[in-house]
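Here's a quick look at how two chains sit against each other. Have the sequence and the structure open as you read.

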Protein chains: 2
Amino acid sequence: MKYSAINFAEKFSKFNEHWSPRVVAEMNDYQFKLVKIQGDFVWHDHSDTDEVFVVIEGELDIEFRDGKVTLGAGEMYVIPKGIEHKPFAKNECKMMLIEPRGVVNTGDVSSDLTAQNDVWV
Amino acid sequence: MKYSAINFAEKFSKFNEHWSPRVVAEMNDYQFKLVKIQGDFVWHDHSDTDEVFVVIEGELDIEFRDGKVTLGAGEMYVIPKGIEHKPFAKNECKMMLIEPRGVVNTGDVSSDLTAQNDVWV
């Protein structure tokens with residue numbers, strides 16, 4: 001079929017790793033990535049770009065050095081470039097990241113949680 | 001509160017016009033817009049940019065000159081730049097558009113459905 005919808009639930013069914021974003025689409029030089037997360041991520045920032053988090057299922061805390069925001073399903077947040085943040089999810093959370101192609105999940109920080117980039121599902 | 005989630009349902013409760021996108025966030029030079037649609041839109045394209053449609057509630061058809069795709073809640077589609085398309089929703093559909101700041105809803109086509117740009121909610 002020439003034209004096919006990108007279905008988030010179907011894409012999420014194809015992987016289970018946490019903190020391992022999978023690209024589902026590109027718009028110009030931006031990528032849409034789905035990711036399952038649970039527990040604590042690492043403090044990091046992206047010095048060159050804003051980054052969008054959209055929660056699809058579950059609950060996500062984004063901690064900042066001076067506060068935090070909690071997102072549920074149907075909520076989004078734009079993390080401004082250069083702002084240190086640490087995602088946290090008590091229970092598994094399914095979310096979408098939107099950011100320029102080439103952005104690494106841990107920014108300039110190297111960590112066991114640094115994921116391979118540009119992996120499609 | 002310094003950090004606040006952007007809640008789609010709360011934003012949708014603030015307007016009822018169809019085909020009138022409201023900006024809810026910016027990421028670099030891109031905008032996230034919520035829009036309620038019903039019925040037929042006009043054939044148009046965006047010669048300079050891809051455009052993303054994400055359905056939040058309801059069902060959206062995107063017709064192309066040689067086919068169509070139907071999106072339900074939790075589905076998205078990237079319309080490539082320069083490709084003529086015509087959105088259609090039999091019943092009211094709530095969706096999110098993601099595209100560069102400055103993109104007009106009817107592209108290069110002037111229509112009664114051409115909406116004022118850069119209106120925030």
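This is a predicted model: local features need pLDDT of at least 70, side-chain atom pairs count only at pLDDT 80 or more; totals for chains, interfaces and linings use all residues.

What rotation superposes chain A on chain B, and with how much shift along its axis? The rotation is 180°, the shift is 0.0 Å, and the RMSD comes out at 0.0 Å. The two copies are therefore related as by a two-fold rotation axis.

| Score | Value |
|---|---|
| Mean pLDDT of chain A | 96 |
| Residues of chain A with pLDDT of 70 or more | 99% |
| ipTM of the model | 0.96 |
| pTM of the model | 0.97 |

Now for the contact itself. On chain A, 28 residues are in contact with 28 residues of chain B. Several elements of chain A each put at least two residues into the side that touches chain B: strand S1 (6-7), helix H1 (8-12), strand S2 (22-27), strand S6 (67-71) and strand S7 (75-79). S6(A) gives the most, with five residues. Sorted by class, that side of chain A holds 16 nonpolar, seven polar and five charged residues.

S7(A) pairs with strand S1 (residues 6-7) of chain B, running antiparallel over two bridges.

Technical notes. Residues are numbered from 1 along each chain as its sequence is written. Chains are lettered from A and ligands numbered from 1 in the order in which they are written. Two residues are in contact if their C-beta atoms, placed from the backbone, lie within 7 Å. Helices (H or I, at least four residues) and strands (E, at least two) are DSSP runs, numbered from the N terminus. Ala, Val, Leu, Ile, Met, Phe, Trp, Tyr, Cys and Pro count as nonpolar, Asp, Glu, Lys and Arg as charged, and the others, Gly among them, as polar. Two strands pair if DSSP finds at least two bridges between them. Copies are superposed by least squares on the C-alpha atoms of residues with pLDDT of at least 70 in both. pLDDT is the predictor's confidence in each residue, from 0 to 100.
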